[in-house]
Amino acid sequence: MLYSWNLSGSNLNSFYSAAVLSGTQSWKAWFFGSLDAGNFLTVDKPPFALMVMGLSCRVFGYGTWQMMLPMILVALATIWIVHASVKRVWGHGAATVAALVLALTPITVAINRDNNPDTLLVFLMAGGAALALRAVHNGRLLPLVGSAVCFGLAFNTKMLQGYIALPAVFAVYLYAAKPKLVKRIVNLVVAGVALVVSSFWWAAAVSLVPADDRPYIGGSTDGSAWDLIMGYNGLGRILGGEGNGGGGGGGGGGFSGTAGLGRLFNDILGGQISWLIPFAALACVGGLVLRGRAPRTDLTRAALLLWGGWTALHYLTFAMAEGTMHPYYTTALAPGIAALCAGGGVMLLRAFRADKRWVWVLPAGLGITAVWAVVLLRRASGWNTWLWPAIAVVMALAIVGLLVFRSASGMRVRLLAASVAAAVVAAVAGPAAYAWSVPSGSGGGMGGTNPTAGPSTGSGFGGGPGGGGGAGRGGFGGGQMPGGTQQGGQGGGQSGGFPGGQQQGGGQMMPGGTPPGGNGGNGDTGTGGTAPGGTGTGTGGRPGRMGGGGGGMGGGASSELIAYLKKHQDGAKWLLAVSSSQSAAQLILSSGKPVISMWGWSGSDKAMTLARLKELVKKGELHYIQLGGGGMGGGPGGGNSVSTEVTQWVQKNGTAVKESEYGGTSDSASDSSSQSSQSTVYRLDASDVA
């Protein structure tokens, strides 16, 4: 229910929505993960998640539910995997708690209702971890190879992020598996081969296709998948640069706060993931101490080391990352936190009852959990103000009950069980409230490109106060976020949230399975726009949430201009060329036609060169190009020499499309009174190429 309730009204990421749509129109686009069906440019991720969603839409038709069905199924499967893995080690009670914690993790609920690839990523990594634990337990090679394949597919979902937990997984197998050391090493070598094959098959296949016959790989600096692996989706995420910003106040700082060990507890990320991190850490350490004299092959200690390593590696990576760091990345922490809280918590409960030296540990952990929940809830001023006192009271009573009935027997054991149940309820009440705010719409979290749960807290792009945008035209551009990310105009005239009063907005996704894509053609009203397979009317985005069009990605065009471009496409392969992937995505969704993104997501891609543009125009594959309005002149790509060269040539040789030619009004996308500074569409024909 949390993952699917009112799903048709959710804001999806139009960047991926457009790529999925393109994949249903072209198998080549499906394989490469192209943003457009004409295969000019790919998204900045490997395509495995897009492939899964694309196949679903191929079978059931393109739409919100059809796209999200496989993602919801794998989200539920992740809960089952964690439940089964914990049950094998700690029993049914612990497994139930682990499943509950994972299901109610706020950021996990938010991302599982979105078409970003992280839902599939976590499923694959959790499957890999569970299979590795099975290999540790039974000593067989096949589960270990299966684990490696899972992590390889995770790599093809989000590249190096899929490897974060891998060192802990392989290290635990090397230390704790039953076979002798030489056999363990040989098995790991075999698993390593499986990992390499399952990780790099797509990049190798892309490399075998001549550059002229494949799309430019979005996010890379040279159009190759290998550069994307090592740069933008590799070290660039950790160190900054490569289109990822840099330093704590760069790309990472803008979305999730300044990099540092305390980042996951800050105003932006705290309410998304940190509720049970202190208890998970205490439970892991306590559990390891309790298993100190166990044999090397002890499965309980192996599980603690694996899930503890999983959590620690993800925590350090996300906390210290100087590059782009979205709040929803932290959903990868949830399986580790859930397993540690449940399994380690059961161990602390048993030690609490059996050993006086451990009497203080479990109550202290529960007390810290309650105090932190109160702190997080009090950050959300005016939101469910009754909840934090209730959590404090229930947890206090639960701790008293634990101490009073610690040595209970007979019928009094039920009172101890009731105290434990009350402690669990108090511990998950805060996350549950945040989680329910997503499908109910009762919070102020964002959706689409940057989904979050709960109320708006903090001052980053992850849901800060006043997260709305300034009133402005939707057009093709709108305002810009760091790195060149554009948002369409939002009605309401509120500024703040994004630096410089940048805009978000557009229309809401059409309910009833209509493809996401109804976007705001008029930034003042947030109305207009058409979606493939039907026409819909958008509604203005609201402050604190990404606006419509499936996620508030760059503005769309007025229906009149889209109709004009279609009428005068004259057999061209692409309807239009625009500066950024955000703008192109909205136009693809609105028109159902291929649209070129010349500079990619971050504005740093060099996909379009003057020679390439002339070639497309000369062949009659492209007639219309948009300049300005967040385009090449002052937005993504606007700072490099290639875009400047292209801009100057288009302005010199192209013919500007006047507003009157497509019957627009002064509020339409290409306002004739401000074409030079806002958005101008140019027509180019073969005769214009020297």
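**Exercise 1.** How are α7 and α9 oriented to each other: roughly parallel or roughly antiparallel?

*Solution.* The structure is a predicted model. Two packed helices are described by the angle between their axes and by the distance between those axes. For helix α7 (residues 118-138) and α9, the angle is about 5° and the axes lie 9 Å apart. Angles under 35 degrees count as roughly parallel. Therefore α7 and α9 are roughly parallel to each other.

**Exercise 2.** Determine which residues make the contact of α7 with α9, and classify them.

*Solution.* On the side of α7, the contact is made by G128, A129, A132, A135 and V136. On the side of α9, V169, V172, Y173 and A176 take part. These residues divide into eight nonpolar, one polar and no charged.

**Exercise 3.** Describe the surroundings of L174.

*Solution.* L174 is located in helix α9, which spans residues 166-176. Its relative accessibility is 33%, and L174 therefore counts as partly exposed. Neighbours within four places in sequence are set aside; L174 is then in contact with L181, R184, I185 and L188. One of these, I185, is 11 residues from L174 in sequence, and the C-alpha atoms of the two are 7.0 Å apart.

**Exercise 4.** Are C57 and C284 buried or exposed, and how many disulfides does the structure hold?

*Solution.* Buried means under 20% relative accessible area. C57 has 4% and is therefore buried. C284 has 11% and is likewise buried. A search of the whole structure finds zero disulfides.

Notes: Residues are numbered from 1 along each chain as its sequence is written. This is a predicted model: local features need pLDDT of at least 70, side-chain atom pairs count only at pLDDT 80 or more; totals for chains, interfaces and linings use all residues. Side-chain values use heavy atoms; hydrogens and water are left out. Helices (H or I, at least four residues) and strands (E, at least two) are DSSP runs, numbered from the N terminus. Buried means under 20% relative accessible area, exposed over 50%, partly exposed in between (1.4 Å probe, protein chains only). Contact means heavy atoms within 4.5 Å. A disulfide is a pair of cysteine sulfur atoms within 2.5 Å. Axes are lines fitted to C-alpha atoms, for helices over the stretch in contact, and angles run from 0 to 180 degrees between N-to-C directions. Angles under 35 degrees count as roughly parallel, over 145 as roughly antiparallel, 65 to 115 as roughly perpendicular and the rest as oblique. Ala, Val, Leu, Ile, Met, Phe, Trp, Tyr, Cys and Pro count as nonpolar, Asp, Glu, Lys and Arg as charged, and the others, Gly among them, as polar.
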